Amino acid sequence: MSEPIIRIRDLTRRYEMGGETIHALRGVSLDIQRNEYVAIMGPSGSGKSTMMNLVGCLDTPSSGEYWLNGQEVSRLSDNALARVRNREIGFVFQTFNLLPRATALHNVELPLVYAGVPTKTRREQAARALTQVGLAERMGHKPNELSGGQRQRVAIARALVNRPSILLADEPTGNLDSVTSEEIMRVFGELHATGQTVVMVTHEPDIAACAARVVTLRDGRIESDRSTRGQAA
Amino acid sequence: MPLFEAIRLALRTIRVQKLKSFFSLIGVLIGVTFLIAVVSIVQGMNRYMQDRFANGLIGVNTFEVRRFPAIDNGNVTDDTWREWLRRPRVNYKEAKFVAERVRTPAIYARTCFEENMPVSQGTLRGKIEVRAADEEYFRIKSYRLAAGRTFTLQEARAGLPVIVIGDLVREKFFPGLDPIDKTLTISGLPYRVIGVLEKQGTLFGFSLDRFALVPFGAPVRRDLCAENVVHELWAKTGGPDAMVAAVAETEQYMRIARRLEPDQPDNFYIETAEGALGTWGKISKILFLVLPGLVAISLIVGGIVIMNIMLMAVSERTREIGIRKALGARRRDILAQFVVEAATLSSAGAILGIVTGLVLAFVVKALTPLPAAVAPWSIGVAVALGVTVGVAAGVYPASRASRLDPIVALRAE
């Protein structure tokens, strides 16, 4: 088997809060291969948000190793982490997190702006990404002119536009109705089918069931790690 | 993020919040308006004083010897006045002595005048300035004729009753008529009009055309000044260097003519255009000393307003900052974004200030006799100040924004 895209060893994360130490992660080891579709599950307080922040390079661990696409990222500087987020990770958030005053196209362009891609190329790539998620007709619209599902598609286009190593989704259907949720999950499924590595944090079992592998956290440790393949989807 | 990208982003942010942006840049706007308007007006005054006042009343490379200054330099104390009035008047002998001895090439003319001399033409009566002058006076003052001619040497020597009139005199005493060869009566004696001067316009609202010139030897001279006395001895030289030399020589020969001891001060006055500008020079110097302070105060206030607006913007847009960081913005990208936004805001204020300042200057020019001339350097200074104030006001809010933790920022509402 080739080098895993994510290789986590004994990852811990402690917070100091009001003189008390909170152990959000107590030593997690995990490998995720290229083109895997993994859901990270767990009840609230299980450490899945912390896990998401660490995997997304928004946060650095207290101890342990995190190799992303062959690079040890757990000890990187602020600027280096920003670069990793820009190049390696595509975020999809529960609340979409689009810039409200910018058009869909401009929202999708944003990661390319920080990657230093020239304007013309950037437009083309952003337009291509929006077309890929079925929003070719809505490029000039602002988020408040789009439905929830459309907003999340814009967010997915934005996550994909830099061709990241992993697509990291945090409760991507949390703010959507069930029909729209299915629609969005279908998009993730299609992306996975085209070779995209997808890591999704969720607490909804039926959403997690769309993934090929489900990692369940409890009290900052991995409780179970099982494949859903072969089971009825 | 490249600079132009940041500026475009800043402009868009400003555009979607027009009213708020306007209020935040009003301080800078006022400061710059003030700068441009005051500099324009002072600059215009400078030019006006130079061209119209000094060069119009006295002339380029020209000076006059008098008992005391005609254009007094600001406040004159009673003692000074008394000293001036004790001075002897300039007389023919002194004028001749100076004119003959000064070696720097120059032309001379003696004058005597009365500012309110009653004159009449038929049934029309009025008072005008009547000036008796040697024939070179026309060249010294660079007068141009609208009609007729100046005195001939014979007319000047013989003191014939001929007269060259200013435009306002023509208008008042010869309405709708050709004044040439008609007569104007002064002190009961008719003077034949031989020439009309070109209109010179006004100075501070006073007409410069309300006068007439007669030969120095004309009979009316006796009513203008005492026997042997010269009100002014005018001289014109070929250039600035000759002017300096001629003034120095003139002073020297006047002292010799009056037998002044080395420790005695001049008891006469040599008036030049620069000398006449002395008072104005003091006023404009004070304005230029005070101006930076006033501009600085409004710009500091403007900068503080912008800083506050930017701090508000940072807290309002915490989530945006979080999103940008998650998508790969580095600290310095965020820093640049907010600094450029503040600088753009401030520069927009400066540009609006330049426009309103110019409008103000032109309104002043149109509605008052005060002139206005835009100083290009003041526009450059205004733009530079705008950018500087913006950058200075933007740094602190921007650095706060850049240090936000992306996880915390993303959770913000």
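Two residues are in contact here if their C-beta atoms, placed from the backbone, lie within 7 Å. The model is predicted, so local features need pLDDT of at least 70 and side-chain atom pairs count only at pLDDT 80 or more, while totals for chains, interfaces and linings use all residues. Residues are numbered from 1 along each chain as its sequence is written, and chains are lettered from A and ligands numbered from 1 in the order in which they are written.

By that contact criterion, chain A contributes 18 residues and chain B contributes 16 residues to the contact. On the side of chain A that touches chain B, the elements giving two or more residues are α2 (78–88) and α3 (104–115) of chain A. Helices (H or I, at least four residues) and strands (E, at least two) are DSSP runs, numbered from the N terminus. The largest share of this side, six residues, comes from α2(A). Its classes are nine nonpolar, four polar and five charged residues; Ala, Val, Leu, Ile, Met, Phe, Trp, Tyr, Cys and Pro count as nonpolar, Asp, Glu, Lys and Arg as charged, and the others, Gly among them, as polar.

Next comes a strand of chain A. In a regular strand the side chains alternate between the two faces of the sheet. Strand β6 (residues 89–92) of chain A is covered on both faces, with A:Ile89 and A:Phe91 buried on one side and A:Gly90 and A:Val92 buried on the other. A residue is buried if 20 or more other C-beta atoms lie within 10 Å of its own, exposed if 12 or fewer, and partly exposed in between. Four bridges join β6(A) to the parallel strand β7 (residues 166–170) of chain A; strands pair if DSSP finds at least two bridges between them. A:Val92 has A:Ala169 in β7(A) as its bridge partner.

Two loop residues stand out by backbone angle. Most residues other than glycine have a negative phi. A:Cys57, not a glycine, has a positive phi of about 60° and is found in the loop between α1 (48–55) and β4 (63–68) of chain A. A:Cys57 counts as buried because it has 25 C-beta neighbours inside 10 Å. B:Arg259, also not a glycine, has a positive phi of about 55° and lies in the loop between α10 (240–257) and β14 (269–272) of chain B. With 7 C-beta neighbours inside 10 Å, B:Arg259 counts as exposed.

In chain B, residues B:Gly302, B:Ile306, B:Met310 and B:Val314 of α12(B) meet B:Phe338, B:Ala342, B:Leu345, B:Ser346 and B:Gly349 of α14(B). This contact divides into six nonpolar, three polar and no charged residues.
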